[in-house]
Structures are given as C-alpha cells and as structure tokens.
Amino acid sequence: MDINNKTRIHWACRRGMRELDVAIMPFFEHDYDALPDADKMTFVRLLDCEDPQLFRWLMNQSVPDDADFARMINMIQVKNAERRSLEE
C-alpha cells in the first residue's frame, strides 16, 4: 500500500475489533502525517497483520518479533496515552 494514499490507509485502520479501532484510528488521525516515511511504511505494514495479533501486541500480551513493529506498537501506545492525559 502506498504510504501517501491516506484514503486506503484510513480504510485499513478500521478493524473488526473496537479495541483496535480505539488504538489505531487516533494515532493515524493525529500522528501519521508527522512520521518519517520509514515509520509510515512500518505503520502500513503493521496494518497487514491479523486483528488478534495486533490486539495482543497493543494490549501488552505479547511483543512482536519484528523490532520495527515493536517500536511502532510502543509509539502508538505512548502517543495515545499522551493524548488521553491531555484530555483529562
């Protein structure tokens, strides 16, 4: 998927699990544009993963073997936590 095709990426961010939508969509909407191209590519590759695997990673039930995925999962979690703390 092209890292600049935001319509397709937005569509791919919509998952079958609400917990994933709550984690992935805000990151895409607020943080994706500021990422360097290499991180955009990692994010897009992450969207190709199956929902159960993404869920386990985002809920800290397991850690990806791929170091880039692990870094991106951490980035999503940190950015979302920062956003939540600003809303409180």
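**Stop 1: α1 against α2**

Select helix α1 (residues 6-13) and helix α2 (residues 18-31), which pack at an angle of about 160 degrees with their axes 9 Å apart. α1 is therefore roughly antiparallel to α2. α1 passes α2 in a left-handed crossing. On the α1 side the contact is formed by Lys 6, Ile 9, His 10 and Cys 13, and on the α2 side by Asp 21, Ile 24, Met 25, Phe 28 and Glu 29. Sorted by class, this contact of α1 with α2 comprises five nonpolar, one polar and three charged residues.

Some conventions apply from here on. This is a predicted model, in which local features need pLDDT of at least 70 and side-chain atom pairs count only at pLDDT 80 or more, whereas totals for chains, interfaces and linings use all residues. Residues are numbered from 1 along each chain as its sequence is written, and side-chain values use heavy atoms, with hydrogens and water left out.

The terms are as follows:
- Helices (H or I, at least four residues) and strands (E, at least two) are DSSP runs, numbered from the N terminus.
- Axes are lines fitted to C-alpha atoms, for helices over the stretch in contact, and angles run from 0 to 180 degrees between N-to-C directions.
- Angles under 35 degrees count as roughly parallel, over 145 as roughly antiparallel, 65 to 115 as roughly perpendicular and the rest as oblique.
- A crossing is left-handed if the near helix is turned anticlockwise from the far one by less than a right angle, and right-handed if clockwise.
- Contact means heavy atoms within 4.5 Å.
- Ala, Val, Leu, Ile, Met, Phe, Trp, Tyr, Cys and Pro count as nonpolar, Asp, Glu, Lys and Arg as charged, and the others, Gly among them, as polar.
- Buried means under 20% relative accessible area, exposed over 50%, and partly exposed in between (1.4 Å probe, protein chains only).

**Stop 2: Cys 13**

Now select Cys 13, in helix α1. Is Cys 13 buried or exposed? Its relative accessibility is 0%, so Cys 13 counts as buried. Beyond neighbours within four places in sequence, Cys 13 is in contact with Asp 21, Ile 24, Met 25, Phe 28, Phe 43 and Leu 47. A distance drawn between the C-alpha atoms of Cys 13 and Glu 29, 16 residues apart along the chain, gives 9.9 Å.

**Stop 3: α2 and α4**

Return to α2, where the buried residues include Leu 20, Ala 23, Ile 24 and Phe 27. α2 and α4 pack at an angle of about 65 degrees, their axes being 10 Å apart, and α2 passes α4 in a left-handed crossing. Here Glu 19, Leu 20, Ala 23 and Ile 24 of α2 meet Asp 51, Leu 54, Phe 55 and Leu 58 of α4. By class, the contact of α2 with α4 has six nonpolar, no polar and two charged residues.

**Stop 4**

Asn 60 has a positive phi of about 60 degrees, although it is not a glycine. With 62% relative accessibility, Asn 60 counts as exposed.

Finally, select Asn 80 in helix α5 (residues 67-87). Asn 80 counts as buried, at 5% relative accessibility. Apart from neighbours within four places in sequence, Asn 80 is in contact with Val 22, Ala 23, Pro 26 and Phe 27.
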